[in-house]
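Please look over the model shown below together with its sequence.

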There are 2 protein chains.
Amino acid sequence: MPRGRPPKFDETQVLDTAAALFKRRGYDAVSVAELCDATGLAMASLYHRFGDKAGLYREALDRYGRTANDPQIAALEAGDDPLDAVRNYVRQWKRHAGAGPGGGCLFTQAMARGDRTHPDAPDATARAYTARLRKALSATLRRAVAAGQLPAGTEVAAVADALLTLAFGVAVVGRGGMPGSMIDHAVAAGLSLLGGDGGSER
Amino acid sequence: MPRGRPPKFDETQVLDTAAALFKRRGYDAVSVAELCDATGLAMASLYHRFGDKAGLYREALDRYGRTANDPQIAALEAGDDPLDAVRNYVRQWKRHAGAGPGGGCLFTQAMARGDRTHPDAPDATARAYTARLRKALSATLRRAVAAGQLPAGTEVAAVADALLTLAFGVAVVGRGGMPGSMIDHAVAAGLSLLGGDGGSER
DNA sequence: CAAATATTAGAGTAATCACTCAATAAATCA
DNA sequence: TGATTTATTGAGTGATTACTCTAATATTTG
C-alpha cells in the first residue's frame, strides 16, 4: 500500500538493461540520455528514482551481483558433492564470461577500471560480491577436503584465490576477443588445480 | 634531416605520460585538456601530431606494448634456462600489475573495456601484443620441454594460455583492490602449473 | 639573410554532457 | 470529494566535451 502514484516501469528490468549497457560499453561511454532511451524512462524519472548516473550504476552493479554472482554461490553451497560443484563453477566460465560484445563480466570491468577516488566508489560493490564468492569457494573446497575428495593438506584458500583470479582473466580474455581456445585452456588449468583430471597434468 | 622546426617535446615521454593517465583513469574519463596539461603539449600541437584523442591513445598503447610487453618477451627468449625464464615471468606479476591506482595493466583495461565498434579499435593493439607474448610463452615452454625441464607430454599451448589468463586476472585483482594475498596465490598457482615447486601441490 | 616549414598559444565552436524545474497525472487517505 | 503524496512529462540549464582556427613565433635549409 504505497502512498502516491505508482511507478510505471519495472525496476529490475531497468536495472538489467542498464547493467547490460554498462557491461557492453563501460560506465563513462554510456550517456544518461542513452540509458533513458534503452530503459524507456524519462530522464527526470531516472533521476527521481536513482538520484544520479552513478547511483543507477551502483544499483545496476548490485542487481548484477544478485543475478550473476549469488546463484554461483548458491550452486557452490548446494548439493552434497562439493568437488563437483567447484568443477561446475569452473566449467561455466566460458558460458558466463564468454566472448563477444555482450560477453564479459560487469564486475571485472568495474574492477579493471578501478576509480576508487571517493569512498563509496562503484567498484566497492564488485569487491564485496567477489569477496563473498571467494569465501564460498574456500568453504566448498574445505568441504571437499573434509569429504576426502581432495588431499588432506590442500591449501584451500590458495586454490580458491587462484580459481577466482583465473575467472577474472577469462572475463578479460573473452571480452577482449582473444581466441576461444585460451578460455578452454584456462578452464582446463582450473580443473587441473583441483586434482588434475583435465588431462594435461601427467 | 627534416626541413622545418623540430618538435620541442619528447614524444616518448608524452606517450608514457598519456599511457599512465589512461591506465589510471580509463580512456573516457581522461579529457584532452587534461592530457595537454599533463604532457605540457599545447592542444593544437597534440592534434597536429596525433590527429585525435583516439590516435594518441592508440600510440600510447603501442608505446606501452614496447616498454611493458616486449621486454617480457625478450626476457623469455633470452638466457639458456627457459623454465627459469617462465618462472621469472610469473614471479614478476605482482610487481608489474600490482595493487593501487597506479597499478594494473593498460592492455587488460583496454581489453576489459572492449569497444570493438569500428575495425581498428584500440583494443586491437592490446590483442596483437598479447598474441606475441602468447607465442613467446609457448615457444619458451617448448624449449623447456626440449631441454627436459618439463615432462615430454606437456601441452605447452595450454600451459601458456593458462598463465596468460592468470596474468590478466592478476591485473584485475590488483587494480580492483582485492587483498594482496590473492595475487600471491595466483603466482603460486602459476608456478605450480609449471611443475609444482610452489609448495602447495602434493 | 631569406624562404620554407612546424610549433605554439589562446580564443572560439558546435555538440554533448549530466542534471533540474514547473507543471501534470495518478494513486491513497481523510 | 478534497487534500496529500508520489511519479511522469518535456523543455531547458550551465558546464564540459573533443576539436579547430588564426596569428604569431621559432628553427631549420638554401
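## Basis of the description

This is a predicted model, in which local features need pLDDT of at least 70 and side-chain atom pairs count only at pLDDT 80 or more, while totals for chains, interfaces and linings use all residues. Residues are numbered from 1 along each chain as its sequence is written, and chains are lettered from A and ligands numbered from 1 in the order in which they are written.

## Helix H4 of chain B

H4(B) bends by about 35° at B:Gly65, the bend being the angle between axes fitted to the seven residues ending there and the seven starting there. The helix covers residues 53-77, has 25 residues and reaches 35 Å from its first C-alpha to its last, close to the 36 Å expected at 1.5 Å a residue, where the expected span is 1.5 Å times one less than the number of residues. Helices (H or I, at least four residues) and strands (E, at least two) are DSSP runs, numbered from the N terminus.

Among the buried residues of H4(B) are B:Leu56, B:Tyr57, B:Leu61, B:Gly65 and B:Ile73; a residue is buried if 20 or more other C-beta atoms, placed from the backbone, lie within 10 Å of its own. The cover over the buried residues of H4(B) includes H1 (11-25), H2, H3, H5 (82-91), H7 and H8 of chain B. B:Gly79, which follows H4(B), has a positive phi near 80°.

## Fold of chain A

Chain A has 10 helices and 0 strands, and its C-alpha trace spans about 60 × 40 × 30 Å along its principal axes. Of the 202 residues in chain A, 48% are buried. Among contacts in chain A with a separation of 6 or more, 59% join residues 24 or more positions apart, two residues being in contact if their C-beta atoms, placed from the backbone, lie within 7 Å.

## Pairing of chains A and B

Chain B can be laid on chain A with an RMSD of 0.1 Å by a turn of 180° and a shift of 0.0 Å along the axis, with copies superposed by least squares on the C-alpha atoms of residues with pLDDT of at least 70 in both. The two copies are therefore related as by a two-fold rotation axis. In chain B, the C-alpha of B:Gly169 is nearest the axis, 1.9 Å from it, and 100% of the contact residues of chain B recur in chain A.

The contact takes 42 residues from chain B and 42 residues from chain A. On the side of chain B that touches chain A, H7 (106-113), H8 (123-146), H9 (156-175) and H10 (180-193) each supply at least two residues, and H9(B) gives the most, with 14 residues. By class, this side has 21 nonpolar, 13 polar and 8 charged residues; Ala, Val, Leu, Ile, Met, Phe, Trp, Tyr, Cys and Pro count as nonpolar, Asp, Glu, Lys and Arg as charged, and the others, Gly among them, as polar. In H9(B), 18 of the 20 residues are buried, so this helix is largely enclosed by the rest of the structure.

## Surface near DNA strand D

Of the 25 residues around DNA strand D, A:Gly4, A:Arg5, A:Ala44, B:Ser31 and B:Lys53 come nearest, a residue being near a molecule or strand if its C-beta atom, placed from the backbone, lies within 6 Å of it. H3(A) gives the most to this surface, with 5 residues.

Terms used
Buried ≥ 20, exposed ≤ 12 C-beta atoms within 10 Å, placed from the backbone.
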